[in-house]
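Hi,

Here is the structure I promised to pass on.

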Amino acid sequence: MPTKKNLKSLKLRALLISGGFLDPGTSDIFMTSRLGGAYMIRNTLEEYNVETEVVDMFESWPDEWAEKYLSDYGRTHWVNIVCISGTFMTNDYVKKISGLVRKHFPRAVILLGSGNPSLKSNHFVNYHVYSYGEKAVIACLENYFLGTPLECEIRGHTKFVNALHNYVSWPKDDYSLKFS
């Protein structure tokens, strides 16, 4: 009898892009990205055997660095998941970076995480998870790769997932994060 596929049995690799920015008045670096979702999501994905890499402080990179990094990474690494932690990114930057991600990873599923449920559809993004998304991200990936049902609202090209009510991740047993 064939075994049923599950997320842990698939060969998946994720690139997680985290925000953070420079204060233009002082050039101080705000490490908001370390407080954001990319590291929490990475820990969750690794529990499902997904290979991950987090790119930190991405919004503070000059545009040509971001373009070159994504181009080089797309040529040298097979990636089928890209997660953008947009909580501390501006809406304009989210649109710009998701377009670059789609350009360099045309076959990858793109998930955007944020705390803002009112954003409009972004035709580059497959899923927009709002609120704490550790459980919702897994549900999105199971929907995408395995065809399982997903509680979501479809707006244009994007499935909006309310993690606050439909895929509750908090409280947690363990709040520790791995940054290495």
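**What I found**

Of the protein's 180 residues, 47% count as buried, where buried means under 20% relative accessible area, exposed means over 50%, and partly exposed lies in between (1.4 Å probe, protein chains only). Bear in mind that this is a predicted model: local features need pLDDT of at least 70, side-chain atom pairs count only at pLDDT 80 or more, and totals for chains, interfaces and linings use all residues. Residues are numbered from 1 along each chain as its sequence is written, and side-chain values use heavy atoms, with hydrogens and water left out.

On the fold: there are 5 helices and 9 strands, taken as DSSP runs (helices H or I, at least four residues; strands E, at least two) and numbered from the N terminus. Along the sequence they run β-β-β-α-α-β-α-β-α-β-β-α-β-β. Looking at contacts (heavy atoms within 4.5 Å) between residues at least 6 apart in sequence, 71% join residues at least 24 apart.

The accessible surface is about 9,800 Å², and carbon and sulfur atoms account for 56% of that. Those areas come from the Shrake-Rupley method with a 1.4 Å probe; for residues, only the protein chains shown count as cover.

Now the cysteines. Counting a disulfide as a pair of cysteine sulfur atoms within 2.5 Å, the protein has 0. Cys140 is buried, at 0% relative accessibility, while Cys152 is partly exposed at 31%.

Cheers
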